Amino acid sequence: MDRNREQPALPEDPRDAALAWFVRLKSGDAGPADRRALTHWLAQDPAHRREYDRLAGMWGDLDRVPDPRKDRRTVTTRRSFLVFGAAGGAAACAAALGGAVVLSGWPGDVKTGIGERRTMALADGSVITLDAASTLSIDFTAEERRVRLTEGRAHFVAAPNPDRPFVVTCANGHISTVDASFVVHRCPDSIVVAVEAGTASLTAGTASPLPISAGQSQSYGPDGPSPLLNQGVAVESAWRQGRLVFQGQPLDAVIADLNRYHPDRIMLWDRPLAGMRFDGSVDISRPDAALNAILRMLPLRTLRPFPGLVIIRSA
């Protein structure tokens with residue numbers, strides 16, 4: 001008789017999804033319904049079968065199973081230059097920041113690895129601090145200073161220039177300012193903007209631009225912006241002081257943040273877990289202790305089927 005239980009939520013990445021299926025089938029408690037669902041999943045895409053077979057070939061020697069986390073080595077592609085002469089102010093700022101990289105504003109991608117934060121002083125005098133496991137690209141022109149955040153979170157300090165706006169694009173929105181300092185955080189289901197100083201303007205989807213003042217935060221998603229919040233700036237800025245702070249965030253967003261610092265890949269196994277809410281503050285210099293703190297406050301347990309993977313399940 002099939003066991004009546006909900007099938008696990010699968011990651012979009014075929015490699016991660018294959019890993020989730022493989023662990024369940026090898027866990028010893030998989031039923032006929034699980035096997036039928038796996039057969040259906042394998043038939044949907046040749047990439048599914050390829051990734052599952054790859055894992056099956058490794059099972060005979062667990063010592064050879066690689067860390068399932070992505071290779072997050074720091075990469076700066078295309079052009080990044082140390083700037084002298086007219087950009088001396090930026091270079092001096094970089095020195096004050098303790099070895100920050102100075103970028104000329106030429107197009108390029110900048111990535112940080114797991115647990116790595118990186119500060120960059122740009123040639124115009126602006127400063128960007130990139131959170132762990134985050135990615136952005138820089139594309140400055142004579143008309144505007146544009147940065148695109150494609151993954152993770154970053155803190156921006158825009159050097160004042162009323163004739164050349166500083167614009168950060170993320171998903172279906174963009175934030176424009178001439179002199180603000182602010183955080184942009186790409187969460188699983190939304191983007192959060194928190195302004196520390198100055199004023200910024202948010203344009204999301206087809207909505208009209210919205211001003212965001214110092215001390216205010218705003219989130220937006222595919223349907224446009226949510227109501228303006230007079231709170232949240234401290235929460236979105238805490239990572240720069242070595243902590244992750246959560247105020248009623250869903251568990252999938254909490255784990256997404258923690259995954260940027262934890263040496264292992266953390267995955268949610270049961271579908272309903274994603275919507276569980278968590279309040280608390282954790283030390284990101286001790287990622288495993290941070291995970292344990294979250295687990296103590298929620299009815300959860302972990303499985304560690306092999307090195308490099310942590311699966312969170314209902315207790």
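Mentor: A disulfide here is a pair of cysteine sulfur atoms within 2.5 Å. Keep in mind that this is a predicted model.

Trainee: OK, how many disulfides does a search of the whole structure find?

Mentor: The search finds 0 disulfides.

Trainee: What about C187, buried or exposed?

Mentor: Buried as well, with a relative accessible area of 17%. The cut-off for buried is under 20%, so C187 falls within that class.

Trainee: Switching to helices. How do the axes of α6 and α7 cross?

Mentor: Helix α6 covers residues 251-259 and helix α7 covers residues 287-297. Their axes come within 11 Å and cross at roughly 170 degrees.

Trainee: Roughly parallel or roughly antiparallel, then?

Mentor: Roughly antiparallel, because angles over 145 degrees count as such.

Trainee: Left-handed or right-handed crossing?

Mentor: α6 passes α7 in a left-handed crossing.

Trainee: Which residues meet there?

Mentor: On the α6 side, L251, V254 and L258. They meet P287, A290, L291 and I294 of α7.

Trainee: What is that contact like by class?

Mentor: It has 7 nonpolar residues, with no polar and no charged ones.

Note on methods
Residues numbered from 1 in each chain as written. Predicted model: local features only at pLDDT ≥ 70, side-chain atom pairs only at ≥ 80, totals over all residues. Heavy atoms only, no water. Buried < 20%, exposed > 50% of the residue type's maximum accessible area, 1.4 Å probe, protein only. Axes fitted to C-alpha atoms, helices over the stretch in contact; angles between N-to-C directions. Helix = DSSP H or I, 4+ residues; strand = E, 2+ residues; numbered from the N terminus. Parallel < 35°, antiparallel > 145°, perpendicular 65-115°, else oblique. Left-handed = near helix turned anticlockwise from the far one by under 90°. Contact = heavy atoms within 4.5 Å. Nonpolar A, V, L, I, M, F, W, Y, C, P; charged D, E, K, R; others polar.
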